[in-house]
Amino acid sequence: MTTATTTSRRIHAAFAEAGVTGRLHALDIDSGAEIDAGADEAVVTASVHKLCLLVALHQQAAEGRLDLTEQIDCPPTGRTAGPTGLAAMLDPVRMSLRDTAYLMTAVSDNTAADLLLHRIGLDAVNSATAGLGLTRTRAVHTFHDMLATIRDDAGPGRARALTDPQVVARLTALDPARTNRSTPREMTRLLRAVWRDEACPAEHGAAIRRLLGLQVWPHRLASGFPFDDVHVAGKTGSLPTVRNEVGVVEYPDGGRYAVAVFTRAASTAATLPAADAVIGTTARIAVDALRAT
Amino acid sequence: MDLIRHLECFVAVAEASHFGRAATRLGIAQPQLSQRIQRLERELGVRLFERTSRQVTITKAGTLLLDEARELLTRSESLMAAARRIRDGESGLLRAALPPDLAGETVAAILEGFRQRHAGVELELHELSTAQQLTRLASHELDVGLVHHPCDITGLELGPVLRREVGVLLPRHSPAAALDTVPLAALDGHDLVLFPRSASPALYDDILTTCARDGYTPAAVRQGQGASFVRGLILSAGAVAFSPQDARSTHTAEGDPDITWRPLAGAPLNWRHSVAWPRGRGDAAVGAFAEATTRALLDAAAGGTDEPAEPARPLYLRPASEYWL
């Protein structure tokens with residue numbers, strides 16, 4: 001058995017142990033070596049798509065179509081729902097586009113994401129990804145509209161109905177054919193472009209990398225790399241039974257690895273620490289294998 | 001032009017971004033693949049790929065057509081599956097699976113119910129765990145199964161959710177056996193016999209989490225499922241095991257002097273099942289199996305248990321959940 005198959009088997013075993021189905025792609029940004037465990041499966045991106053939005057925003061800034069210090073108003077009403085950032089705040093806010101992008105990236109603020117999405121448009125996000133050759137990455141709705149499909153599909157039971165397997169089976173937001181989507185391989189390709197300044201000019205690439213490094217969540221990708229001298233930058237995505245993260249892990253010897261992990265949990269419980277942690281566990285298995293070659 | 005075959009080539013090249021790799025995947029020669037793409041471009045009147053000497057990239061027009069092409073291919077696959085079964089008619093075969101925890105009478109009732117509903121199709125029945133069923137449903141080696149929730153239902157269609165009341169098998173001399181309904185905490189001190197975790201990892205974890213939360217943390221969890229193995233451990237080691245009410249007869253006969261079955265207080269561990277089949281592949285035979293299984297389980301549970309038995313609990317989404325309804 002080749003080393004690559006052994007690694008892929010260990011990754012699938014770790015997913016099974018954690019009670020999830022997982023897809024992973026890991027890429028050595030400089031050598032192109034890769035680990036493929038379902039890398040070409042269509043997956044639901046959820047908030048991982050905020051990374052595509054962030055890249056599109058910076059491309060527009062680089063082309064001079066907008067100024068990142070431009071102020072944007074966020075009235076207290078009509079905000080996209082969410083548990084963090086502007087989505088959770090109560091009073092009117094005025095802030096720059098780039099600080100809005102910070103909230104969107106650091107705490108996955110849904111209101112911040114939709115403010116930016118309204119500013120540049122869904123088409124700009126899709127042109128940005130298509131322009132990088134990501135043919136299977138597509139945003140079909142805003143975060144507000146995506147959450148609205150869940151509310152509609154769940155019916156009167158709201159969040160509690162989401163523990164019913166039949167309700168989960170019919171959620172539009174969990175079907176990659178009908179919602180915002182990508183593949184693990186396309187997400188590592190996007191990260192590689194950002195890290196090599198191929199997605200945007202260097203100054204903008206650095207700004208995107210800074211924001212991804214400011215993400216606050218410690219429970220997924222970062223949990224697999226408990227080393228003070230290893231830098232982890234990423235963007236998570238979550239929906240009922242969906243737990244994702246894509247990011248880049250950088251070692252002090254210069255090794256840098258883009259990793260994309262997309263999971264679906266068997267359990268419909270909202271709190272599942274083992275399902276979060278396995279994203280870090282499998283990313284580590286993949287990165288260790290890439291570093292051993 | 002065979003549109004479906006040409007669309008397969010289009011999707012393969014789009015996914016591989018490379019003629020050579022796509023040709024390998026399709027099992028055809030690269031010049032043949034190039035010809036097919038050119039023919040498809042002529043037929044559709046649009047250019048699908050930009051080719052340079054080094055690489056191939058999909059055009060904007062190609063991107064716009066890709067999703068529809070994929071959908072058409074999926075539909076075509078499901079049409080072929082349905083046609084295969086219709087064409088085979090009398091000699092048709094339905095590959096179905098049931099979990100190992102059903103009573104013999106229930107299995108017999110499912111077989112009989114299926115025969116009455118769909119006498120023309122032969123039923124090939126397997127005893128498989130939920131994990132095994134999911135793998136085979138995904139690879140289309142299985143047409144339909146009965147799975148334990150919770151499980152990953154991506155790509156599946158489900159019949160109604162069926163609930164089975166789970167109680168406890170315990171030594172008759174155990175103090176808890178004197179109770180009409182047994183709280184989980186009263187099982188403290190007994191080891192637990194449970195199905196292997198790999199059979200249904202999420203259900204296994206759910207059961208142990210619920211036990212711990214309600215005051216029962218077994219010192220040892222023994223993995224076992226066969227009736228005589230479970231009986232042996234209960235008799236000799238003072239262990240307990242969980243069993244659905246409808247399958248208790250598998251483990252303990254009426255008036256059994258050694259082992260007894262008791263309901264759990266508050267029904268904290270009820271099992272949920274659904275008949276499941278790959279999305280888009282449900283035909284008449286699958287429907288007949290789903291109906292027969294649903295009917296047999298409802299009868300075994302004595303009068304229907306598909307109403308939620310659990311009291312509604314609060315649900316607190318934490319900030320890291322990223323969504324809010």
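UniProt positions are given here in the numbering of this structure, with shortened feature names, and such annotations may be inferred rather than shown by experiment. The model is predicted: local features need pLDDT of at least 70, side-chain atom pairs count only at pLDDT 80 or more, and totals for chains, interfaces and linings use all residues. Residues are numbered from 1 along each chain as its sequence is written, chains are lettered from A in the order in which they are written, and side-chain values use heavy atoms, without hydrogens and water.

**Exercise 1.** State which residues of chain A the UniProt annotation "domain: Beta-lactamase class A catalytic" covers, and describe the span.

Solution. The unreviewed entry places this annotation on residues 24-263 of chain A. The end C-alpha atoms of that span are 9 Å apart. Its content is 38% helix and 20% strand, where helices (H or I, at least four residues) and strands (E, at least two) are DSSP runs numbered from the N terminus.

**Exercise 2.** Describe the surroundings of H204(A).

Solution. H204(A) sits in helix α10 (residues 202-213) of chain A. H204(A) is buried, at a relative accessible area of 8%; buried means under 20%, exposed over 50%, partly exposed in between (1.4 Å probe, protein chains only). Beyond neighbours within four places in sequence, H204(A) is in contact (heavy atoms within 4.5 Å) with H58(A), A61(A), A62(A) and L68(A).

**Exercise 3.** Check the length of helix α9 (residues 284-300) of chain B.

Solution. The expected span is 1.5 Å times one less than the number of residues. For the 17 residues of α9(B) this gives 24 Å, and the end C-alpha atoms are 24 Å apart, so the two agree.
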